[in-house]
Amino acid sequence: MPLPISDAAKFYRSVWDRRDAAELHTLANIKRFMECLTGDPEFRKKLAVNINGDLLSVATEYGIDADPALMLPLFSTAHMKYRFTDEGAQWPLAQLWDAYMNDILQHRNMLRDLGSTLKANPRFHAWRERQMARCYSELGSMAPAITHPVIALELSEGCSVGCWFCGISADRFTGYWPYNDDNAALWREVLAEVVEIFGTGAQTGFCYWATDPSDNPDYPKYIDDFHSIVGTLPQTTTAAAMKNVGWTREVLALFDKHRYVCNRFSLLTLKALHQVHKEFTPEEIFGVELVLQNKDAVVGKAQAGRAMERKERLEKAGKSTKLAILDGDQSTIACVSGFLVNMPARTIQLVTPTRSSERWPLGYRIYAEAKFSTAAEFRSIINDMIETHMPEDLSGDHVIAFRPDLTYNQLSDGFELAGAGGTKYTMRSDMIGAAYLGGLIRKGDRTASDIISAMVRSGCDIFQVAAYLRRLFDLGVFDDDPITGKIGKVGLRAAS
């Protein structure tokens, strides 16, 4: 019996169902306009030339059935100040688009909430909550875009696309997992175990990572099984949508049938954008986000994996290290706070996003890894990793230290921790001895028991100190990096 349809899925369907055909047609064409605006420099040039003239002819040339003059705040620098204001009513298509995007962002947040396993697996839930809290202060402005799915299951080994900027440095493609009787049986058994372990949180799962779904011709069969057991159709992201259009249309047909979450096409060249626009009508890919990765696109590249390696080479050569027209502070493309599973290799890794660094160049931490053969072994390994690496509370022998990426500021009556993107945690007079506590933790060489004992000797209440440490633990400000941290039993393996 599959899990019931989630509130997130119901909301996503409502995004479509509460709009009539005419409005969906208009939105699909505005979306195409935005894709051209983002990815096509010639389109941007033509808009600029005609900004005070015949904008409709530019849209018509590109097969867009929407009048740009009715959405000026979306692209005209002279009109952007009117966006999200009462005056913006003069441009109804801009308001229509912004209302739709607000729905999409709300759905994204609901997907993050869908990953809750508070009832099904409280221990894992607490760990995931701490990782999400950490990411907000470590990753800065990009953190809200990460939904922290609990599991990713790969159906191939390596990737045939070979993007130069791949944020997780995917290995070369060596083969896919065929959908035969034995593999299909193991797949369904593993999915059943995922549901048993994570409950409704399993519905955040998806079936790729350092792989491209298109490399497995049987991928549609696998995700159809996923739907029948987990109760949702997982998101599909492919960088090879045009490699086999029949395969792509099969995946899109499943979306049209079930409609749980949007899919994504990662487009590497301007030619690929034009090919997709020629092959698919705006309505056919309204439920597909086009991630425009071509060199002329007005988007940034995550500085992780191969992109970071390239940037380092350019820097050593004394060349410009700019990787895209816009270089932001995106430091990872990783999203899973949970388990990364490769079905052909039978491997399991416990992972979570982090800022790409020399220690974690792929933009995610690896806390533990193991191999499995059967579904029962799969479940046993997952449960063991949860038990080993996800303490429910601080233990007395845990060495407590603040994360090294946080800036510590001592205050007269407490302390302040500053992270990326302006995030701050201020602890002061709400507890007697807050300043002393901060100084003890800052040293990074004392256990929780040592700290509590020192605080009690200074006149503080033991229960208040323990509660305060737990509060800081839940905020994710303690260092639990599997290499440098001292919280939990760690498997010392860095990403390679």
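What you're looking at is a predicted model, where local features need pLDDT of at least 70, side-chain atom pairs count only at pLDDT 80 or more, and totals for chains, interfaces and linings use all residues. Residues are numbered from 1 along each chain as its sequence is written, and side-chain values use heavy atoms, with hydrogens and water left out.

**Loops and backbone**

- His148 lies in the loop between H6 and E1; helices (H or I, at least four residues) and strands (E, at least two) are DSSP runs, numbered from the N terminus.
- The phi angle of His148 is near 55 degrees, a positive value in a residue that isn't glycine.
- Ala145 has its place in that loop too, between helix H6 (122-139) and strand E1 (151-154).
- Leaving aside residues up to four places away in sequence, Ala145 touches Arg108 and Arg112 (contact means heavy atoms within 4.5 Å).
- Ala145 and Asn109 are 36 residues apart along the chain, and their C-alpha atoms are separated by 8.4 Å.
- Ser169 is another residue other than glycine with a positive phi, near 45 degrees.
- You'll find Ser169 in the loop between strand E2 (156-157) and strand E3 (175-176).

- Some background first: two packed helices are described by the angle between their axes and the distance between the axes.
- Helix H13 (residues 434-443) and H14 cross at roughly 150 degrees, and their axes come within 10 Å; axes are lines fitted to C-alpha atoms, for helices over the stretch in contact, and angles run from 0 to 180 degrees between N-to-C directions.
- H13 and H14 are therefore roughly antiparallel to each other (angles under 35 degrees count as roughly parallel, over 145 as roughly antiparallel, 65 to 115 as roughly perpendicular, and the rest as oblique).
- On the H13 side, Tyr436, Leu437, Leu440 and Ile441 meet Ile451, Ala454 and Met455 in H14.
- Sorted by class, that contact of H13 with H14 has seven nonpolar residues, no polar and no charged ones; Ala, Val, Leu, Ile, Met, Phe, Trp, Tyr, Cys and Pro count as nonpolar, Asp, Glu, Lys and Arg as charged, and the others, Gly among them, as polar.
- Helix H14 (residues 448-457) also packs with helix H15 (residues 462-474), at an angle of about 140 degrees and with axes 9 Å apart.
- That angle makes H14 oblique to H15.
- Here Ala448, Ile451, Ile452, Met455 and Val456 in H14 meet Ile462, Val465, Ala466 and Leu469 in H15.
- The contact of H14 with H15 has nine nonpolar residues, with no polar and no charged ones.

**After H15**

- Asp479 sits in the segment after H15, and Asp479 is buried, with a relative accessible area of 9%.
- Among the residues that Asp479 touches are Phe402, Arg403, Lys486 and Ile487, not counting residues up to four places away in sequence.
- Asp479 and Leu406 are 73 residues apart in sequence, with 9.9 Å from C-alpha to C-alpha.

**Cysteines**

- The structure holds zero disulfides (a disulfide is a pair of cysteine sulfur atoms within 2.5 Å).
- Cys262 is in no disulfide, and the nearest cysteine sulfur, that of Cys335, is 12 Å away.
- Cys460 is buried, with a relative accessible area of 10%.

Note on methods. Buried < 20%, exposed > 50% of the residue type's maximum accessible area, 1.4 Å probe, protein only.
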